[in-house]
Amino acid sequence: MLDISKLLEEIKQTPFDEVEIISPWCGRVSCADINEDDPVSGPCGSWLEIPGTLLASVEREHNPKPVRAPEKGRIKLIRKELEGQFIEAGTPLVTLKHFLTKQEVIQIILRQALHLFNAPERAKYYFVPEVDMKIRTAGHRSVRVNDGMDLFIMSRMKREVTLPYSGPEGLIYSVYFSHNENVGAGDPLIGVCPEELMPIVEDVVARVQAEWEEQD
Amino acid sequence: MIDVDKKLHRLNDRLVYIKDIFAGKQDEAVRMLQVRLEEFQARVSEMSSQEKMSALSAMEELFTFMEQKLNEQLTPMDKVRIVRHPQRICLRDILENVYDNYTEIGGQDDKSIDPGMLIARAYITRKRGKALHNQPVMVIGQETGHGEEFRNGGSVKPWGNAKALQYMKVAEIENIPVHTYVFTPGSYPIEDYPGAAQQIARNLYEMAGLKVPVISVFSEGGSGGAEAIGLADRRLMLSHGYYSVISPEGAAAIEGRLRDGARAAPELIERCAMQLKMTAYDNLNHGLIDQVVEEPPLGAKPYHYEFFQSLRNELMRATDEVVLTTRSFALLRGAVSHPHRPKSLENYNAENFVTRWSLSPKARERLLTLRHKKFRNLSNGRWIDPRTPFDKTLSKIQATSTDLINLFRHDLWGRRKKQIGFAVEEMDAGARMLLHRIFTPFFSFMRELVGPRPQPRIAAEELTALSSWEEDNGKSSVWSYISSKAKVDRAVTCPNADKYGCLDLWAPDLYGEFAGVCTNCGHHFPMGYKWFMYNVFDPGSIQEFNQEIEAANPLNWDGFDAKLEQAKQKTGLKSGCITFEASINNTRMCVALLAASFRGGSVGVAEGEKFLSAIERAQRKRLPLLAYVHGTAGIRIQEGTNGVIQMPRCTMGVRRYIDAGGLYLVVYDTNSYAGPVASFLGCSPYQFAIRSTNLGFAGRGVIKETTGMDIPPDYHDAEKALSRGHIQGIWDRRDIRNNLHQALLTMGGRNLYYK
């Protein structure tokens, strides 16, 4: 069985992701005025309209193209020795240390703990009436699902078919779709948690929400 | 005791007011007044009632004396602080004190579609002997409401301006004058329907043809927002008001090249306020307003009843004057006409005369002619025209002779020719109908006799052979003019590369064969204005006119002469507007082009004059008119109100042209913002944009600064403008020629020679 507390401890030991930024093109490199341990920001603004910090530019055919930070974090390594050199596409330029946010930690835990049941095709999805009734009265975490159970109604182009659940038995931990909205093929519909793991997952998520300190 | 408290409270208010408007200056005077007030407050409990009253009277006199003294030292920026002060008179005070009765319409207080715009039906009562006459007017203006938050400081939203226009039209139907009061720091710069720019343009266009007298009074005339209701037959201005193309803070941000809402230094703001020449007397000296209404020292406040009386008198006079000048016979005209008023009538009291303010149909037409003439002459001569008097006379003679030729060709002979043509067409149609009736039975009998006619055989080749490449007789892959950008050996990245995976394009391909269009996503890269001039029109058909007219520095703005000279040398242009005649498929048209490369395509007096001349030329020669906006950043701030007056001035020309039956097309390219879009461009019924164009009223920074809102990156996109109904279509750059030809064939009025 998955040991979520151990997983959380492991995340606490290394509370960051290392993002290696490679050159998407070949060309001559010129590094931006940044040094190791400098903070950088990723795209931000309400519409992510403000680009990330400029890390380097790679000039090809007199066309300097910017390489920007994709995430917020700090510079771990910058390969200044490449300055002025012609490099191939795929050459690592910068390594970023991206400190995990609460949401990201929760996502990592849930990804390990939950079984995601995905939409087989782009359509609108509804729970079958019995399940829907139960969710309305007692919430989705009260619904137990097992392999082959008729759980969804898939509605597309006036065609409605029943979609059975396939996967391990458990309780619905989270629902990722909303009423009357299309879900793309491959997008998750529900996350199912084994019943015995449910209290632990809820406890860990609450702890992360309360205790996790986000770093710049 | 209550009187003493009231007077003391009022003196305190006066002191706070002085402190606020001088913002840290005049410390000595403020300190002296404060000390005297504090001394009085300390001793007040020991004084008898009589002593209190006499001490208060002395204090009031001291305040009045100091206010008079300080009034002489007011700077333009102090006047800006005066008009923005919550103690400043507002429109409701005017309604209460100037008019004899009024009813607020179109909403009340905060329960209004836009509480920043106040509309009321009011009347002024005048005496003729013992008889009383109520003269109704429509009062429209921005309401600041002594700092009431929901009024938004008189910054009116587009729907507020739309409401104002609705009631102007009501006034026109009811044949009553409109009194407008400008109390706005500027329009609320949002694009939500009907859109700030488009609605101001619509207001200007309608006011240009509004067939009732319009009198406007300016207190705070902030650029486009002011113009939305400021186009008037008589423009009065309060002596402590300002009327400007931009706020001094905005001008300072541009001058100091400040970004991201950074604050300009107070000295720079003060200097810009001085240079903008925005006070009432500056505007009067430039001929941009007709008259200044004197206010009490340090500006009018709600308790200055003599001021309201004088404003009432001036308003009645101005309305009388407008009405009487439209009449063919009016005895009183000399008495009310402000600049020509004889000495003997200096104390003319409008209360005791009654002039009917309704206009006859003929007077209404005359009113529009006079309004047009008035705005045509505003800011005249504030550009450089190096032509000799002989050249100017020659050009006038040419214009007159063209008028005469066209009068004969299109009106006298042309109209008759058309009428004869119509008669011949009708006779021909009648004859055909008659012959058809006579011969149809005969032909059907013959068909039955002979049998069905054999169908011509379709050649086998036509069905079996491969189709051949048709020679393109228009523009194909090779353009007549290739941009200089195509001569640079480099690759260019499409801004949509991340989104659509566009590959890099080689500049000679992109700016040459592809006409600056990404082959993958269709993004249009900006091209120079010459690309448009030489690839869209028939080769060799361009005939430029008025190229001698040069942009000038009418306000003697510091350092602007050098900047202008630099722009002229860099671009080879003398102003940001190029006017020419050209043909598309042999259909001649008049074109006014705003070039973004010359000071950002900003519009000043020279550009306005050239634009207006192009309109007049198109009208005279019965040509369609195209405004191609290669890019415009708005009105040129360094020309102050002389620039902003181009908004109503050119819109008036457009209105006359469209009313005369012309076709006015506007095509936007690259980026177009602010004043021109909010007036003579935005008023066109046929507006199109080249793909990837941005257009709107204010840019992202200004919107953030004034409304506090962040706007999405695609807020000003042509697609968004199309979905809001601001433009009528989006064109591919490579199809401009075909689309323009199509527009010439399908759109436009009755006065075009080729129709």
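**Figure 1. The loop that holds Pro194(B).** Pro194(B) sits in the loop between β4 (178–184) and α7 of chain B. Helices (H or I, at least four residues) and strands (E, at least two) are DSSP runs, numbered from the N terminus. The peptide bond joining Tyr193(B) and Pro194(B) is cis, with omega about 5°. This is a predicted model, in which local features need pLDDT of at least 70 and side-chain atom pairs count only at pLDDT 80 or more, while totals for chains, interfaces and linings use all residues. Residues are numbered from 1 along each chain as its sequence is written, and chains are lettered from A and ligands numbered from 1 in the order in which they are written.

**Figure 2. Helix α7 (residues 196–208) of chain B and what covers it.** Of the 13 residues of α7(B), 12 are buried; a residue is buried if 20 or more other C-beta atoms, placed from the backbone, lie within 10 Å of its own, exposed if 12 or fewer, and partly exposed in between. Among the buried residues are Gln198(B), Arg202(B), Asn203(B) and Tyr205(B). Their cover includes α6 (158–174), β5 (214–222), α8 (223–230), α23 (646–659), α24 (674–677) and β17 (694–696) of chain B. The end C-alpha atoms of α7(B) are 18 Å apart, which agrees with the 18 Å that its 13 residues should span at 1.5 Å a residue. The expected span is 1.5 Å times one less than the number of residues.

**Figure 3. Helix α3 (residues 49–71) of chain B.** The 23 residues of α3(B) should span 33 Å, and the end C-alpha atoms are 32 Å apart, which agrees. Lys52(B), Leu56(B), Met66(B) and Leu70(B) are buried in this helix.

**Figure 4. Surroundings of Trp531(B).** Trp531(B) belongs to helix α19 (residues 529–536) of chain B. Is Trp531(B) buried or exposed? Trp531(B) counts as buried because it has 25 C-beta neighbours inside 10 Å. Leaving aside neighbours within four places in sequence, Trp531(B) is in contact with Tyr481(B) and Ser483(B); two residues are in contact if their C-beta atoms, placed from the backbone, lie within 7 Å. Lys373(B) is 158 residues away from Trp531(B) along the chain, and their C-alpha atoms are separated by 37 Å.

**Figure 5. Helices α1 and α2 of chain A.** The axes of α1 (residues 4–13) and α2 (residues 102–113) come within 11 Å and cross at roughly 145°. Axes are lines fitted to C-alpha atoms, for helices over the stretch in contact, and angles run from 0 to 180 degrees between N-to-C directions. Ile4(A), Leu7(A), Leu8(A) and Ile11(A) in α1(A) meet Val105(A), Ile108(A), Ile109(A), Gln112(A) and Ala113(A) in α2(A). The residues of this contact comprise eight nonpolar, one polar and no charged. Ala, Val, Leu, Ile, Met, Phe, Trp, Tyr, Cys and Pro count as nonpolar, Asp, Glu, Lys and Arg as charged, and the others, Gly among them, as polar.

Figure 6. Leu48(A) is exposed, with 11 other C-beta atoms within 10 Å. His62(A) is exposed, with 11 other C-beta atoms within 10 Å.

**Figure 7. The contact of chain B with chain A.** Nine residues from chain B and eight residues from chain A take part. The chain B side has four nonpolar, one polar and four charged residues.
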